Amino acid sequence: MEATGFDTLPVEVLLGIVDELLNNYPDALLNLAVAFRSALFTSIIDLAEIDTARQLRYRRGSGPEPVPLLNLAIADPSVPIWYIDRFATALEKDLPGSVSGLWPVPRGIEPPLHVAVRAGRPNVVNHLLARRNINAMVRYFPQFPNIARPHDCNQQGVGHAPPCTPEGPRSRCETAASAAVARFRNAPAGSPLRENIEQCALNLVAFGAFSPPAVFVNGNNLIPSFHEAIRLGMNRYVGAVVDRVCQLPPDNDDRQNLVGCFPEMVLAAVKAEDNNPFLTRLFDIALNNNIWALGSFVSLLSSPIFSAVSQYHPGNAVAVLHYMRDNVGNHMQAGDNPHDYVRTLLHNFALDHAIDDRNYAFFVELMKFIRQALESNIEDTDKGIYRAMTYYINAEAAVRMSYGSRCITHLVQHYDLGTPEQLRLSIERGQIPIVDAIITRWRDTGRPLDILLPGPMTSSVQMSALRNAVRSRDVMVTAMLLNAGANPATVHVGEWMWLRNSMYNDANILGEGSPAFVDRYFNHAHFAGGLQWAPLPSDASGPMGLVRDCCHLVLRVAAAQAGVQGVGNKTTRS
């Protein structure tokens, strides 16, 4: 940089400016140092040495603790590494622990590594980790006045080496790695800062600046910060930690604790986000290290499939199902039955949630899994487990026929759920997708559409599906059945006349295609919001074209069956 007025000031003047700014405006001094490095880092005036002397002069209780320029330089992303190295080198000469946040007399100053993580500066983290005196396991948590909690560490508020006093999972003191989780949580989702904070955590893992107690505690329980890292989606970080611990020898206590933590990590992963990449990575790590990731005991709350479907994360549920299907037989203890394990994982509460359109992708895979088991060569007693699942699912599906869901439709299309009684119920409830699925299934399997459907329990009346639709005044289902080949003669002539006259009268009064008319004869959810469901070929587009085509078809058939011709509202028998 060319000489300026500032560069040419007398030394005494420069020292006066430095002293004033250092004591009152250190951020401004740092900006000045970046702008005029040649003036403030010389053999005569060295800002790094001046700040180190200031730190050495400080005595506890003599005033506010002076924040080192090192920390300010790290916190400002615009300050280059050169300055950070210069400040750190000067401090290390007389205060070697200060670069780690450890002072001869404890001070409430955030350790430099924690500052670098907070600022999201992975290059600074790497620089600090490379320094000879660094202690990357220093813990720190700010001390807030009058907000003490039971089990807080007595050293909270100052940087200190482990352990806490008392040591335990309730201490809020954080290593730089665990601090990264909290900073990640507070950073805006999707921001570069979030990505950089996670990269800082990855650099710490690569350096080995974490210890298994920073991940696990009391054997097989995850500490809250690691649990939260999974929940927040710090997938690269948590995957790197698990990978690194798995590299330890199999008899290592920390690695064995990790193995015990796999079921808890799977549970946390299935709840975090759907199609969670960490869940896939966790299963890959388990396979590569011959670890059974789901644990030996499954209860209602510990079933990862139940946890996934109750959160409506079908992709995660599918991942667990496939992992279990492919590996459960390889990890059972001698004498244990893998199919009994499957039964506990897929208990009725999990099946209840599976029959939900929000979990449709999982439901399709679940039914494939059950069918494959029933078609395999396993013992018949074991097949009984899967028959029981099928019975339970079918029973629940029959109860939920009124929902008209994709899951129920899938059962009808692929698993022959469409019984005559279910066809009657679907017609009466206006469940167009299910009616269409049953009709298609019956037609493809050669089952006649004109069989008598069982009546309700309170009635002994049996009638065809077409007659049921006509009596229900459901024009759309009537048209669907006619197009599928249902015999119009299964409906009484008087019932055709009644439907025809009713439609003519309402068309004249309400207007064909009016909301009131459509609501009366096409009372189906798929018409809400102008949506079109098109089971019939139509030259006209949109739901109104469908309404018109269905009406004209039904009126033509009704007239033919009754032997009448319609002119306006009048009818004459031919």
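These are my notebook entries on a predicted model of a protein chain.

**Ground rules**

I number residues from 1 along each chain as its sequence is written. The model is predicted, so I take local features only at pLDDT of at least 70 and side-chain atom pairs only at pLDDT 80 or more, while totals for chains, interfaces and linings use all residues; side-chain values use heavy atoms, with hydrogens and water left out.

**Confidence**

I looked up pLDDT, the predictor's confidence in each residue, from 0 to 100. The chain has a mean of 86. I found 89% of its residues at 70 or more. Residues 528-540 stay under 50. The model still gives that stretch 31 contacts beyond four places in sequence (a contact means heavy atoms within 4.5 Å). Residues 565-574 are also below 50, with 20 contacts beyond near neighbours in sequence.

**Helix 19**

I took helices (H or I, at least four residues) and strands (E, at least two) as DSSP runs, numbered from the N terminus. Helix 19 covers residues 360-375.

I then checked burial. Buried means under 20% relative accessible area, exposed over 50%, and partly exposed in between (1.4 Å probe, protein chains only). The buried residues of helix 19 include Tyr360, Phe363, Leu366 and Ile370. Glu365 is buried there too.

**Salt bridges**

I counted a salt bridge where a side-chain nitrogen of Lys or Arg lies within 4 Å of a carboxyl oxygen of Asp or Glu. The count comes to 23.

I opened Arg131 and Glu92, which meet at 2.8 Å, N to O. Arg131 sits in the loop between helix 8 (122-129) and helix 9 (176-186), and Glu92 in helix 6 (residues 81-94), so I noted a link between distant parts of the chain, 39 residues apart. Arg131 is buried at 11% relative accessible area. Glu92 is buried as well, at 14%. Asp85 joins Glu92 and Arg131 in a network of salt bridges.

Next came Asp506 and Arg520, with their closest N and O atoms 3.1 Å apart. Asp506 lies in helix 26 (residues 493-511) and Arg520 in helix 27 (residues 515-521), so the pair ties together parts 14 residues apart in sequence. Asp506 is buried at 9%, whereas Arg520 is partly exposed at 38%.

**Helix 11**

Arg231 and Glu228 form a salt bridge at 3.3 Å, N to O. Both lie in helix 11 (residues 224-232), three residues apart, about one turn. An α-helix has 3.6 residues a turn, so residues three or four places apart point the same way. Glu228 counts as buried at 17%. Other buried residues here include Phe226, Ile230 and Leu232.

What covers the buried residues of helix 11? I found helix 9, helix 10 (192-207) and strand 2 (221-222) among the cover. Helix 12 (235-246), helix 13 (253-272) and helix 14 (277-288) are also included. Just after helix 11, Gly233 takes a positive phi of about 90°.

**A surface patch**

Last, I looked at Ile44, in the loop between helix 3 (37-40) and helix 4 (47-57). Ile44 is exposed at 65% relative accessible area. Val11, Leu15 and Ile44 form a nonpolar patch on the surface.

Definitions and conventions: Patch = residues over 30% accessible without salt bridge, like charges linked within 9 Å, V, L, I, M, F, W, Y side chains within 5 Å. Areas by Shrake-Rupley, 256 points an atom, 1.4 Å probe, with all protein chains shown as cover. Expected span 1.5 Å × (residues − 1).
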